[in-house]
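Trainee: I have a new model on screen. Can you show me how to read its features, one at a time?

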Amino acid sequence: RDLLSEGGSSLDAVEAVIRYLEDNERFNAGRGAVFTSEGVFLGKWGEWGMEEGQFNQPFDTTVCGQGYIYVIEAFNHRIQKFIPVN
């Protein structure tokens with residue numbers, strides 16, 4: 001499904017991809033990934049765990065106007081904030 005051609009924003013598309021990966025057992029390894037608006041993979045960060053920068057069942061993400069990425073985790077009971085990287 002092409003969210004951008006259906007009037008969605010690039011953030012909608014990123015959130016849809018993240019939800020798909022988080023809900024798929026093959027991909028949910030407690031990591032974040034970065035893609036271009038064309039879907040080209042740029043990199044990943046994080047790993048499974050409970051320390052800073054690690055994830056345990058992330059279930060939602062958002063990006064604020066300044067570019068910070070917020071990751072909400074179920075089992076670590078926290079929200080992590082990541083700085084934007086150019």
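Mentor: Start with one side chain. This is a predicted model, and in it Phe-55 has a relative accessible area of 2%. Buried means under 20%, so Phe-55 is buried.

Trainee: Which aromatic pair does Phe-55 form?

Mentor: First, the general idea. A pair of aromatic rings is described by two values, the distance of the centres and the angle of the planes. Now the case here. The structure holds one aromatic pair. Phe-55 and Phe-82 form it, with 5.7 Å centre to centre and 55° between the planes. That pair is tilted.

Trainee: Where in the chain do the two partners lie?

Mentor: Phe-55 is in the loop between strand 2 (41-45) and strand 3. Phe-82 is in strand 5 (residues 78-82). They are 27 residues apart, so the pair links distant parts of the chain.

Trainee: Is Phe-82 buried or exposed?

Mentor: Use the cut-off of 20% again. Phe-82 has a relative accessible area of 16%, so it is buried.

Trainee: How do I place these elements in the overall fold?

Mentor: Count the elements, then read their order. The protein chain has one helix and five strands. Along the sequence the pattern is α-β-β-β-β-β. Of its 86 residues, 21% are buried.

Trainee: How many salt bridges does a search of the whole structure find?

Mentor: The search finds one salt bridge. Glu-73 forms it with Arg-78, and the closest N and O atoms are 2.6 Å apart. Compare the partners. Glu-73 is buried, at 3% relative accessibility. Arg-78 is partly exposed, at 22%.

Trainee: Which ring does the charged end of Lys-81 sit over?

Mentor: Here you check a charge against a ring centre. The charged end of Lys-81 sits over the ring of Tyr-68, 4.2 Å from its centre.

Trainee: What forms the nonpolar patch on the surface?

Mentor: Look for nonpolar side chains with accessible area. Val-17, Phe-35 and Phe-41 form the patch, with about 250 Å² of accessible area together. Val-17 is found in helix 1 (residues 10-23). Its relative accessible area is 37%, so Val-17 is partly exposed.

Trainee: And Gln-66, buried or exposed?

Mentor: Exposed means over 50%. Gln-66 is at 60%, so it counts as exposed. Gln-66 lies in the loop between strand 3 (58-63) and strand 4 (69-73). Gln-66 and Pro-84 are 18 residues apart in sequence and 7.9 Å apart in space, C-alpha to C-alpha.

How values were computed
Residues numbered from 1 in each chain as written. Predicted model: local features only at pLDDT ≥ 70, side-chain atom pairs only at ≥ 80, totals over all residues. Heavy atoms only, no water. Helix = DSSP H or I, 4+ residues; strand = E, 2+ residues; numbered from the N terminus. Buried < 20%, exposed > 50% of the residue type's maximum accessible area, 1.4 Å probe, protein only. Patch = residues over 30% accessible without salt bridge, like charges linked within 9 Å, V, L, I, M, F, W, Y side chains within 5 Å. Areas by Shrake-Rupley, 256 points an atom, 1.4 Å probe, with all protein chains shown as cover. Salt bridge = Lys/Arg side-chain N within 4 Å of Asp/Glu carboxyl O. Phe/Tyr/Trp six-rings, centres within 6.5 Å; stacked < 30°, edge-to-face > 60°. Lys NZ or Arg CZ within 6 Å of the ring centre and 35° of its normal.
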